[in-house]
Amino acid sequence: MTTLPEDLTKATAGTGSRRSGGVEVRAEKGRGAPRRGRRGGGERKMVPDATFTSYYGRPVVKASPWAADIPAYLFLGGVAGGSSVLAAGAELTGRNSLRRVGRLGALVGISVSFAALVHDLGRPMRFVNMLRVAKHTSPMSVGTWILTGYGPLAGLAGAAEIVKFVPNLPPAVTKLAAVAGRPAGWGAALLGPAVASYTAVLLADTATPSWHEAYRELPFVFVGSAAAASGGLGLLGSSLADSGPARRLAFGGAAVELVAEQLMESSMGLTAEPLHQGTAGRLMRASKILTVAGALAAAAGYRSRALSAAGGAALLLGSVCTRFGVFHAGQQSAKDPKYTVVPQRERLKAAGRQEADR
Amino acid sequence: MTTTSLPNPAVRAGWVDPPPRKGFFTDTSICIGCKACEVACKEWNGVPEDGLDMLGSSYDNTGALGASTWRHVAFIEQPARPAAPTVDLGMPSFSLPGAEADPADRTDFRWLMSSDVCKHCTNAACLDVCPTGSLFRTEFGTVVVQEDICNGCGYCVPACPYGVIERRGGDEKVVKNVGIAQKCTLCYDRIGEGQTPACAQACPTQSIQFGDVDELRQRAADRLASLHADGVPEARLYGADPNDGVGGAGAMFLLLDEPEVYGFPPDPVVTTRDLNDMWRRAALAAGTLLVGAMGAFLGRRR
């Protein structure tokens, strides 16, 4: 059962219009309309205003039933994946404080991720049913298996750090944790990037317009965001003497994210619009500001622990905003039939023209 | 329209020597909007109440397909009817008054009514993305949720290009299968016994026809041709083309206007069509992160 969307108030009955069925709505440029490119200035339109028909303004596709758990997981999984890579590098190059924050960050990130993923299920007790099949056509199945491999490895590497803080453990336990922690950390580093990037496919492999149309660049936005966030966490938690790799990863990740996001928007056509409107628009703007500011502070902070930490915190927050922004833009695009109908109509028109040319 | 060359999705799913693929042909030109299909579906399948609101959309107070709405009758009141390109030959008429309405005398109003249902796609996105194997392809080529396996991950919901499947909400003490994805089963329990699905059985005008998909496609093409010959040029088929974005639907429709007028997507494409490209790009991105992070260890210490 659906209730009427707010859009119906904007829709007008198509009295004697070209296509008189259902409800005809003129797609208008919202106030938060996109401006193409930063040099462009003026009010250039991404796509011309489109007239389209819908059934009483109701959505064609359904928005995902996912709550904040999922964008939170996108963020935390990214932090965990990136942190594992940083931690392994730090371990191999003798940067102890960076290794520690990386391993602990990965452990906490992936643990909370797992809790969020189970919590978001309609039947959390049946989580284990995820493990009864392995399907490459289901990014969630692939992701489950990636996490099944990554989780214990990141957990073991994290445990190797935790045992150092626990007093009065039998020496055998601390020894074992230290020995097992190294290869586990390397394994987690190899799987971590997959944890950070597959989530883009998770969103894109849907009929949600602003997720699917983003599929070309979204993995790069997400790994950029993951690198910026995990680099940021490294800057927050490591000593200045160990912070170089985290600083470079944070800066590079921020740059990749910002560039990939721009490319993504230009390839999305009309479905880029929700990234500039409402909650998603506010989040994406905040993400840009925080990411740029954080990257600059990270780059400039190599002599100041405080500036490094501030930059790291800004990058973490920026990554949160990116994930929630992309998530909300998709949800919004599913709720407005415009983003389903207009691009499909244009596709049909283009195919028709091609047919006629032949 | 070929009827023999189509790959049977049941065979593709591993069924050995399955029965013919089953489906629906919903001819909306003879739908009278009685909603018997909605009622019969609810009764047979024990689908709970889905809200008792007045939606202000003609006689449609159901709204859309969802977890507890497996058939949905759409009502569209159109102020103007596309003019039929008939040629007046000026012949005297011998029929009863009103039997042959002059297009010019018709009121400038028409009803469109259409009973929507799960399309049981040849390439079904819901089934592709299901991580538990709860959604499966039956021997009849239909797509069905196994409610004892679904863990309510909700992935099928945004994956469906038609907005059909949904996770059921509500109070677990009152409603069954709360938190589980639900949709039309094409009455899997009935067709396994050689019976007709409840909606088609209840349809008083045979607007909903059940049968072998191959035969239904032929029937749909014949009906389209006859409507075109009778001066209804706006008639068109939806979901009957095996070359469309979902490989053809198991449930096809004859419509009298653009699909989006009825709430259908005009050019649905199964999202997994692009999946290989998505995986390739995700792998490239993951590699970029790994190499980039390794590169970050070159250079200054702080």
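Which residues is Pro124(A) in contact with, leaving aside its neighbours within four places in sequence?

**View 1. Pro124(A) sits in a loop of chain A.** Let us start with a single residue of this predicted model. The loop that holds Pro124(A) runs between helix 3 (96–119) and helix 4 (139–162) of chain A. Once neighbours within four places in sequence are set aside, the contacts of Pro124(A) are Val118(A) and His119(A).

**View 2. Helix 8 of chain A is mostly covered.** This helix takes in residues 244–268 of chain A. Of its 25 residues, 19 are buried. How far apart are the end C-alpha atoms of helix 8 of chain A? They are 36 Å apart, which agrees with the 36 Å that 25 residues should span at 1.5 Å a residue.

**View 3. Helix 2 of chain B packs its buried residues against strands and a helix.** Here we move to residues 36–45 of chain B, where the buried residues are Ala36(B), Cys37(B), Glu38(B), Ala40(B), Cys41(B) and Asn45(B). Their packing partners in chain B are strand 2, strand 3 (110–117), helix 6 (198–202) and strand 8 (208–212). The residue that follows helix 2 of chain B is Gly46(B), and its phi is positive, near 60 degrees.

**View 4. Chain A and chain B meet through 80 and 70 residues, respectively.** On the side of chain B that touches chain A, at least two residues each come from strand 2 (71–78), helix 3 (125–129), helix 4 (156–159), strand 6 (166–167) and helix 8 (275–295) of chain B. Which of these elements gives the most? Helix 8 of chain B does, with 13 residues. By type, this side of chain B has 36 nonpolar, 20 polar and 14 charged residues. For the complex, the predictor gives an ipTM of 0.90 and a pTM of 0.89.

**View 5. Residues 1–5 of chain B have pLDDT under 50.** For this stretch of chain B, the model has six contacts beyond four places in sequence. Over chain B, the mean pLDDT is 92, and 89% of the residues reach 70 or more.

Key. Residues are numbered from 1 along each chain as its sequence is written. Chains are lettered from A and ligands numbered from 1 in the order in which they are written. This is a predicted model: local features need pLDDT of at least 70, side-chain atom pairs count only at pLDDT 80 or more; totals for chains, interfaces and linings use all residues. Helices (H or I, at least four residues) and strands (E, at least two) are DSSP runs, numbered from the N terminus. The expected span of a helix is 1.5 Å times one less than its number of residues. A residue is buried if 20 or more other C-beta atoms lie within 10 Å of its own, exposed if 12 or fewer, and partly exposed in between; C-beta atoms are placed from the backbone. Two residues are in contact if their C-beta atoms, placed from the backbone, lie within 7 Å. Ala, Val, Leu, Ile, Met, Phe, Trp, Tyr, Cys and Pro count as nonpolar, Asp, Glu, Lys and Arg as charged, and the others, Gly among them, as polar. pLDDT is the predictor's confidence in each residue, from 0 to 100.
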